[in-house]
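Trainee: Before we talk, could you put the sequence and the structure up for us?

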Amino acid sequence: MRKPGRLPFVPKESEQPVKIFEPHIHLYARTTDDYERLALCGVRTVVEPSFWLGQPRTSVGTFVDYWESIRGYERQRAQMYMIDQYHTISVNPREANDEGLAMEALGAMAPFLEHERCVAVGEIGYDDITAAEERLMIAQIEMAVERNMPLLIHSPHREKRQGTIRNLDILRDMKVDPDQVLYDHNTEETMDLVRDYGCWAGMTVYPYTKLSPERASNLLDEYGHERCMINSSADWGVSDPLMVPRTIVELRRRGWDDAPIQELVWDNPRDFYAQSGRLQPPTVEARPEPVSV
Ligand SMILES: [Zn+2]
């Protein structure tokens, strides 16, 4: 039996007047209980990005099954708690070094980008900053640009600043519209670079590594919340799917009003992913009419 008082604090939705769009969360790696906890905290919409599964792939079929799963079964789990779920599709940089398999996976990926709930190409970027990773990233940027789709790019775990400079230079050289780019996992090391480029800036809040709610709030106080998003990323590692609500509490402690908080945790991610043309009610009021060109 659970001992009373041992559960993590979860505010009731009625105590959370803001609604939350979680722009980057790997619920594939979490239990169904976590969907319920998110719903209780006011999370109404999530984006599940395609990521690395923790071990090398052995065949292209593992990509296909995984992509099917994040757009199928994960969406069903989200729906059980009235959460509107979308996804992004990519081949991860950690999968770049087996180039034959990576190229086969890119071929398999193309039809998945046509799905009505696929809202970006991602997450892509550097891991070890190798030439093979760069070729894979450029191929996927081209796939997004051809389809006029948003891009979710993460900063490298090592050599973060140098890798970010190189990554943003590639985007500039390829003349990618900064409006269509969400550059994620920013820290104090990279925020000025991303602001200078002019794309959307993501901040991942973790219990120990990456940013704490305090450090994310410091960055938001310094740079403002315009074109910023916070996310929990929440995967198999030590992470916490409630880091967005916990950061909201920290911002309130600092005197932030609900209106800018709502822009940060709802309007910004909605506006970014709405560029896909694929967000649907209840996340947007009405699905936009397709634009004929
Ligand atoms: Zn991720």
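This is a predicted model: local features need pLDDT of at least 70, side-chain atom pairs count only at pLDDT 80 or more; totals for chains, interfaces and linings use all residues.

Mentor: Residues are numbered from 1 along each chain as its sequence is written.

Trainee: How many helices and strands does the secondary structure of the chain come to?

Mentor: Helices (H or I, at least four residues) and strands (E, at least two) are taken as DSSP runs and numbered from the N terminus. On that basis, the secondary structure of the chain comes to ten helices and eight strands.

Trainee: Why is the chain as compact as a globular protein of that length?

Mentor: The radius of gyration is taken over C-alpha atoms, and the globule rule is 2.2 Å times the number of residues to the power 0.38. For 293 residues that rule gives 19 Å, and the chain is as compact as a globular protein of that length because its radius of gyration is close to this, at 18 Å.

Trainee: What percentage of the 293 residues do buried residues make up?

Mentor: A residue is buried if 20 or more other C-beta atoms, placed from the backbone, lie within 10 Å of its own, exposed if 12 or fewer do, and partly exposed in between. Of the 293 residues in the chain, buried residues make up 41%.

Trainee: How are helix H8 and helix H9 oriented to each other, parallel, perpendicular or oblique?

Mentor: Helix H8 (residues 213-223) and helix H9 (residues 243-253) pack with their axes 9 Å apart, at an angle of about 60°; axes are lines fitted to C-alpha atoms over the stretch in contact, and angles run from 0 to 180 degrees between N-to-C directions. Angles under 35 degrees count as roughly parallel, over 145 as roughly antiparallel, 65 to 115 as roughly perpendicular and the rest as oblique. H8 and H9 are therefore oblique.

Trainee: Is Ala-110 buried or exposed?

Mentor: Ala-110 is found in the loop between helix H4 (99-109) and strand E4 (118-125). Because 12 other C-beta atoms lie within 10 Å, Ala-110 is exposed.

Trainee: How far apart in space are Ala-110 and Tyr-197?

Mentor: Ala-110 and Tyr-197 are 87 residues apart in sequence. Taken C-alpha to C-alpha, their separation in space is 28 Å.
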